[in-house]
Amino acid sequence: MTQCVVIADDLTGGNATGVQLKQSDFNSISILNSSMIDNMKSDDVDCIIYPTDSRAIPKKEAYNRIYEVCEKLKSRDTKVYSKRIDSTLRGNIGAETDAMLDSLGEEYTAIVVPTFPSSGRTVVGGYLLVNGALLHKTDIAIDPKCPVKVAKVSTIIKQQSKYRTTNIYSEDMMNGKHHLADIIKEKISKGNRIIIFDAVTQEDLDLIADAVMTSKQKVLAVDSGAFTAALARKAIKPKNQIAKSQYRGNKHGCSLETCQVACQISIYLFNPTIHVFHPTCIEILFAFHRNK
């Protein structure tokens with residue numbers, strides 16, 4: 001299975017997260033139904049994105065849908081789990097977060113970071129602002145399907161979630177990643193399963209991701225894509241970068257394994273680009289013939 005799993009409440013949001021991940025060189029695929037999971041080839045894929053179309057359905061149905069999908073997608077190889085939510089907090093955010101926490105196990109904590117700087121979404125004092133306006137003062141309050149009447153993130157989540165929820169505010173984020181990691185661990189030790197973060201800039205998102213990695217806690221990212229991308233950059237390396245590294249091996253363009261195989265059949269490796277013999281190839285070749 002892949003190193004990153006994103007379960008989104010709609011296709012558009014899932015694909016938007018895929019774009020964010022692609023900007024960091026991660027390859028993603030979207031799976032539209034559970035029957036595709038067993039037949040999926042994921043050797044070259046960093047992240048699976050599964051849209052559940054659950055934003056506007058009843059809370060219990062949304063919980064069941066997300067839980068079932070998470071059960072099928074989770075694996076020991078996965079390092080980043082993400083519950084992709086709407087950037088304006090519409091939908092079954094608390095219920096879907098609970099579903100993934102229940103599936104992943106009690107050692108996981110939800111890190112809720114709704115901030116999306118490039119789209120004008122920021123969280124200050126626990127309140128979500130959209131282009132500087134409190135969420136409930138925007139058109140989202142009169143959304144025909146999923147209106148949101150409050151701007152305080154914890155209020156929205158607590159209305160739906162059974163888990164203990166707490167906040168980490170901007171004032172707690174002024175002393176570096178190690179201090180923030182200690183706060184995260186303290187919050188978790190007190191029984192909190194959901195931690196909501198203030199954040200305004202991309203630098204804030206990177207700091208939170210660094211602190212999560214430093215804390216060594218198992219987490220579920222709950223966000224609209226920007227924080228998931230930040231955490232993925234810290235936690236995993238894109239497979240195509242690994243492949244390129246293995247191919248290059250070094251600055252001459254071939255790996256040690258390639259040299260060894262070639263030398264075993266007495267082929268001189270010549271790099272036509274830089275017109276020199278690879279020193280490692282020559283050393284292995286001489287060693288091969290000495291021991292012949």
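Beyond its neighbours within four places in sequence, Lys 83 is in contact (heavy atoms within 4.5 Å) with Ile 7, Ala 8, Asp 9, Ile 66, Glu 96, Thr 97, Met 100, Leu 220, Ala 221, Val 222 and Asp 223. The model is predicted, so local features need pLDDT of at least 70 and side-chain atom pairs count only at pLDDT 80 or more, while totals for chains, interfaces and linings use all residues. Residues are numbered from 1 along each chain as its sequence is written, and side-chain values use heavy atoms, with hydrogens and water left out.

**Exercise 1. Find how helix 7 and helix 8 cross, and which residues meet.**

Solution. 
- Step 1: two packed helices are described by the angle between their axes and the distance between the axes.
- Step 2: the axes of helix 7 (residues 202–215) and helix 8 (residues 226–235) come within 9 Å and cross at roughly 45°. Axes are lines fitted to C-alpha atoms, for helices over the stretch in contact, and angles run from 0 to 180 degrees between N-to-C directions.
- Step 3: helix 7 is therefore oblique to helix 8. Angles under 35 degrees count as roughly parallel, over 145 as roughly antiparallel, 65 to 115 as roughly perpendicular and the rest as oblique.
- Step 4: helix 7 passes helix 8 in a right-handed crossing. A crossing is right-handed if the near helix is turned clockwise from the far one by less than a right angle, and left-handed if anticlockwise.
- Step 5: from helix 7, Gln 202, Leu 205, Asp 206, Ile 208, Ala 209, Asp 210, Val 212 and Met 213 meet Ala 226, Phe 227, Ala 230, Leu 231, Arg 233, Lys 234 and Ala 235 of helix 8.
- Step 6: the contact of helix 7 with helix 8 comprises ten nonpolar, one polar and four charged residues. Ala, Val, Leu, Ile, Met, Phe, Trp, Tyr, Cys and Pro count as nonpolar, Asp, Glu, Lys and Arg as charged, and the others, Gly among them, as polar.

**Exercise 2. Describe the crossing of helix 1 and helix 8.**

Solution. 
- Step 1: the axes of helix 1 (residues 11–22) and helix 8 come within 9 Å and cross at roughly 35°.
- Step 2: this crossing of helix 1 and helix 8 is right-handed.
- Step 3: Thr 17, Gln 20 and Leu 21 of helix 1 meet Ala 226, Thr 228, Ala 229 and Ala 232 of helix 8.
- Step 4: by class, the contact of helix 1 with helix 8 has four nonpolar, three polar and no charged residues.

**Exercise 3. State how many residues of helix 8 are buried, and what the buried residues pack against.**

Solution. 
- Step 1: eight of the ten residues of helix 8 are buried.
- Step 2: they include Phe 227, Thr 228 and Leu 231.
- Step 3: the buried residues of helix 8 pack against strand 1 (4–8), helix 1, strand 4, strand 5 (108–113), helix 7 and strand 11.

**Exercise 4. Locate Lys 216 and give its phi and exposure.**

Solution. 
- Step 1: Lys 216 sits in the loop between helix 7 and strand 11 (218–223).
- Step 2: phi of Lys 216 is positive, about 60°, although Lys 216 is not a glycine.
- Step 3: Lys 216 has 71% relative accessibility and counts as exposed.

Definitions and conventions. Helices (H or I, at least four residues) and strands (E, at least two) are DSSP runs, numbered from the N terminus. Buried means under 20% relative accessible area, exposed over 50%, partly exposed in between (1.4 Å probe, protein chains only).
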